[in-house]
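Here's a quick briefing to read with the model open beside you.

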Amino acid sequence: MSQEVTYKVDDGVAVLTLQNPPLNALTAKVRSSLMKCIDRAAADENVHVLLICGSGDSFSVGQNNDDYGKPATDVTTAEICNAIEGMSKPVVAAIGGVALKEGLELALACHYRVANTQASVGFTQVAVGLLPGAGGTQRAARLLGADVSLEMMLSGKIVQAADASLEPLFDLVVDEQADVVGLKFAVQIFAEKVPVRRTRDMRARLTDAAGFQAAVDRWRKRIGGRSEPAIGEILRCVEAAALLPFEVGLSFERSAFEELEKSEQFRALSHMQIARHKAAQNPERTKGKPRVIRVVGVIGGGARGAGFAGAALMAGYEVVLVEKDAPSMERAQKNVQRLLDRNQKRGRLSSVRREALDGKLQANTDLVALSDVDLIIEATGPEAATRAQVFSQLDGIVKTGAVLATAWPFADIPHLASLSGCPGDVLGIHIPTPTQTSAVAEIATTPQSDPDAVLTAQSFIQKIGKSTVRCNAHPGLVGHHIMAAYQHAADRLVLRGCSPQEVDAAMRAWGMTLGPFQNADLMGLDRAWLRQKICGVDGSSGVLHRMVKAGRLGRANGKGWVRYERSNPLGASDPEVDEILKPLRDAISPEPHAVGPEDIQARCLAAMANAGAGLLKEGVVQRPSDIDVVMVLGFGFPSWRGGPMQAADEAGLLNIRNHIRDFADSDPGFWVPEPHFDLLIKNGQNFSDLNG
């Protein structure tokens, strides 16, 4: 018998233990071995009860992502679950550690479930664009009802076994070790001749048909316009549990699962999981080691600086916050306090811990206060002269080995390094705003950057809970460079006759969190214009320049691409915008061109993908997937499309290149295909083939 699952009979109980450390993933070998053990126990006259448990600290995390999307040549988890449920001998699942995805579905198919109080369970398939496909939607609905099932499946969150919402799922939750309590429970079942209890036959949570449907409808309304295919399929499958016979419900679920396995969403989300892991693999990791960070210094206490300070405090660091004068320092302290208070209100900080953080924050108006800090983050704002002055002063203040970073994405980092006196310790750390909610940081290096300094910055970013992407210093780094190209393509669409609202609506429908004009208004049109200039895509349209000259700065002053008022905080059309645009439109074409949503989406994607290919050509990033990580985690690109480079692969590189050539008639200086397209098309490859 294979050792992927061990088989032992103890007091009439066949103990089947998954042996695939560290997390007992249900690989093809494990599934095959488990099915053989189940068949063996079914035929063994000395076995009266089966106990399934996991070795080590885990029950099972389910299947590996690379198992999905392949032809089912081996026994499936769904077949195992059906075999377990159909057993004439009781089957008990003993859950210790985690039971996730198919691991949890396996437990649901068992007749009884016990767990350790520290165990946790979850349906995390939605993270890769899938749904529970081994009967999970049908069995969970019967055990937990629609509301709890949908919350788990749609959020993908992991829940403690002791959580009150999971009470119907478990027969026993105790502090004892799972396999030990599981064996005792199984022996008791045998002694008391307790019969099987099939989940498929449990209908208590389905009897209130109106209540069940109301819960489904609430979740359908709650998810609103989310367009990820898996979201809708999860809703439909859970809903089907109350409407269809069990076997038909299983078939309905399986069909949906298999369709999702073939979907762009699954490929994109799987790509993103791998991409995040690869992005953390800096070339410096084999050349150095991170330095110890105890104290973090932040220069500038505006929104960006306060965000860094608050994140550092919550991660356990002491923070020295420096501002230019006493009034600015007072405002900076209040910014940090508000941020911490907000996190306490949202349950991320206890009142005791919140109070303790006040003692870890020092504020000062003198850079000398930074003499003993280990990492300094300059967040003074857009003024290059101020930033240069700060870095030239730090040379005589900071201790040897301190890492100096600018948070401004448009900073000239090589110049700052030359001013510092310690160029090897200077780099950029850019977290897209808002700092607290963005999930990624770009770490920008120069040829002089010391590997130890890069790894120190990376360890800090990971400690405050964000992914990292290392790039070489470049105007706008990765994210803003791509966004500048996106904005330029959108500007040209407006000059061709589209309204800003039409472009925004098309891109939101495609999946972007905000349309390009909403994004520019939120950023501030003066800063959006600065971004275009620094990233080299401002000259051909002048749209943003005209808007800024007309005093339209975005949300900040209530006038951007739309007019913002208290009665309509989302904004309304403003005829003044058309007046500003009219001479620019007339200069291009006196007759507006009809451009539909699909053409808008194609142009914007082509602009982003071409800009990404340019970053690859210049060696700014190591791989295309690094661009995708930045854009998805920091700039509102839909995760279920996988980033602009993955989306370009899905659209077809030949199609993207041809689009770029077609668009060149209207803007030849911008629409020039990068050489990567021809090279990859010639070799029959995609950007994903360059990810390594």
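Helix 22 and helix 25 sit roughly perpendicular to each other, since their axes cross at roughly 105° and angles from 65 to 115 degrees fall in that class. Keep in mind that this is a predicted model.

**Helix 22 against helix 25**
- The axes of helix 22 and helix 25 come within 9 Å.
- On the helix 22 side, the contact is made by Asp 599, Ala 602, Arg 603, Leu 605, Ala 606 and Asn 610.
- Helix 25 brings Ile 656, His 659, Ile 660 and Phe 663 to that contact.
- Sorted by class, the residues where helix 22 meets helix 25 come out as 6 nonpolar, 2 polar and 2 charged.

**Helix 24 against helix 25**
- Helix 24 covers residues 644-651 and helix 25 covers residues 653-663; their axes come within 6 Å and cross at roughly 100°.
- Ala 648, Asp 649 and Ala 651 of helix 24 meet Leu 653, Asn 655 and Ile 656 of helix 25.
- The class count for the contact of helix 24 with helix 25 is 4 nonpolar, 1 polar and 1 charged.
- Ile 656 turns up in both stories: it meets helix 24, and it is also part of the contact with helix 22.

**The nonpolar cores**
- The largest nonpolar core has 98 residues, and the members touching the most others are Leu 370, Trp 561, Ile 600, Ile 627, Trp 671 and Phe 687.
- Helix 22 (residues 597-617) supplies the largest share of this core, with 11 residues.
- Setting aside neighbours within four places in sequence, Phe 687 is in contact with Ala 613, Leu 616, Pro 624, Met 645, Ala 648, Asp 649, Leu 653, His 676, Phe 677 and Leu 680.
- Of those partners, Ala 648 and Asp 649 belong to helix 24 and Leu 653 to helix 25, and these residues also take part in the contact between the two helices.
- Another core, of 76 residues, lies apart from the largest one; Ala 78, Leu 130, Ala 134 and Trp 219 are among its members.

- Strand 2 (residues 13-18) and strand 3 (residues 49-54) run parallel and are joined by 6 bridges.
- Val 15 stands opposite Leu 51 of strand 3.

Notes. Residues numbered from 1 in each chain as written. Predicted model: local features only at pLDDT ≥ 70, side-chain atom pairs only at ≥ 80, totals over all residues. Heavy atoms only, no water. Axes fitted to C-alpha atoms, helices over the stretch in contact; angles between N-to-C directions. Helix = DSSP H or I, 4+ residues; strand = E, 2+ residues; numbered from the N terminus. Contact = heavy atoms within 4.5 Å. Nonpolar A, V, L, I, M, F, W, Y, C, P; charged D, E, K, R; others polar. Core = buried A, V, L, I, M, F, W, Y, C linked by side-chain atoms within 4.5 Å. Buried < 20%, exposed > 50% of the residue type's maximum accessible area, 1.4 Å probe, protein only. Parallel < 35°, antiparallel > 145°, perpendicular 65-115°, else oblique. Pairing = 2+ DSSP bridges.
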